[in-house]
Amino acid sequence: MSTELFHWNSEFDVGIQEIDEQHKELVDLLNQLHVAIQEHHGSATSRRILDKLADYTRTHFAVEESLMRVSNYPEFAAHKQNHEDLIAQVRTLQDKLNSGTAAITFELLHFLKVWLTRHINEADKRFGTHFLAHGGASQWSDHVEEAMKKRKWWWKFW
C-alpha cells in the first residue's frame, strides 16, 4: 500500500507562490495522517496530526481571504462560506473524536482529499486567475509599501 494519499504536482498550482506553498503543506499533513492511520500509530498520533491540519487550514484560509479582500475578489463571500463550511465540519468531527463517538478513518481521509482537490482545482484556481489578472502581488506590494510610508501613531513603538 502506498504511503502517499495525495501526490502534489504542478497541475495544482494556482499561480500565487505563498498559496501554492501552503497547499503543499496541507497535502503533506494529509499524507502524514494517512501514514499514521495506515501504520497504526494510534489514535493520539492521528489526532495530533488532524489537529495540526485543522489549525494550519484555518491559517491558510485567513491568508487566502486576506488576499481576496485586497484584490476585491468578486467571489469572496461564496469562497469564504466554503471555507467556513469545512471548518464547521472539522469542528464537529473534533467534538465527536473528543466524546469518543467517532474515529479517524480512511473515509475521512478520502473526504479531505476530495474536498482539497476540488477546492484547489475549482475555487482556488479561479481566485488565482483573478489575483494575477488584477496585478497580483506586485500591486498589493505597492499598496502596502505606500501605506507603510505614511507614519502612524504606532510607529513610535517600533
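1. Packing angles in this note are taken between the N-to-C directions of axes fitted to C-alpha atoms, for helices over the stretch in contact, and run from 0 to 180 degrees. The model under review is predicted.

2. Helix H2 (residues 43-70) packs against H4 at an angle of about 20°, and their axes lie 12 Å apart. Because angles under 35 degrees count as roughly parallel, H2 is roughly parallel to H4. The crossing of H2 past H4 is left-handed. On the H2 side the contact is formed by Leu50, Leu53, His60, Phe61, Glu64, Leu67 and Met68, and on the H4 side by Leu112, Trp115, His119, Asp124, Phe127 and Phe131. By class, this contact of H2 with H4 comprises 9 nonpolar, 2 polar and 2 charged residues.

3. Helix H3 (residues 76-99) also packs on H4: the two axes come within 12 Å and cross at roughly 170°. H3 and H4 are therefore roughly antiparallel to each other. His79, Asn82, His83, Leu86, Gln89 and Leu93 of H3 meet Leu108, Phe111, Trp115, His119, Ala123 and Asp124 of H4. The contact of H3 with H4 divides into 6 nonpolar, 5 polar and 1 charged residues. Trp115, His119 and Asp124 of H4 are listed in the contact with H2 and also in that with H3.

4. Helix H1 (residues 17-38) and H2 have axes that come within 10 Å and cross at roughly 165°. H1 is thus roughly antiparallel to H2, and their crossing is left-handed. Residues of H1 in this contact include Leu26, Leu29, Leu30 and Leu33, which meet H2 residues including Ile49, Leu50, Leu53 and Tyr56. The contact of H1 with H2 has 13 nonpolar, 7 polar and 4 charged residues. Leu50, Leu53, His60, Glu64 and Leu67 of H2 take part in the contact with H1 and in the contact with H4.

5. The length of H2 was checked against its residue count. At 1.5 Å a residue, the 28 residues of H2 should span 40 Å, and the end C-alpha atoms are 41 Å apart, which agrees. Just after H2, asparagine 72 adopts a positive phi of about 50°.

6. The corresponding check on H4 (residues 106-133) also gives agreement: 28 residues at 1.5 Å each should span 40 Å, and the end C-alpha atoms are 39 Å apart. Glycine 135, which follows H4, has a positive phi, near 95°.

Terms used. Residues numbered from 1 in each chain as written. Predicted model: local features only at pLDDT ≥ 70, side-chain atom pairs only at ≥ 80, totals over all residues. Heavy atoms only, no water. Helix = DSSP H or I, 4+ residues; strand = E, 2+ residues; numbered from the N terminus. Expected span 1.5 Å × (residues − 1). Parallel < 35°, antiparallel > 145°, perpendicular 65-115°, else oblique. Left-handed = near helix turned anticlockwise from the far one by under 90°. Contact = heavy atoms within 4.5 Å. Nonpolar A, V, L, I, M, F, W, Y, C, P; charged D, E, K, R; others polar.
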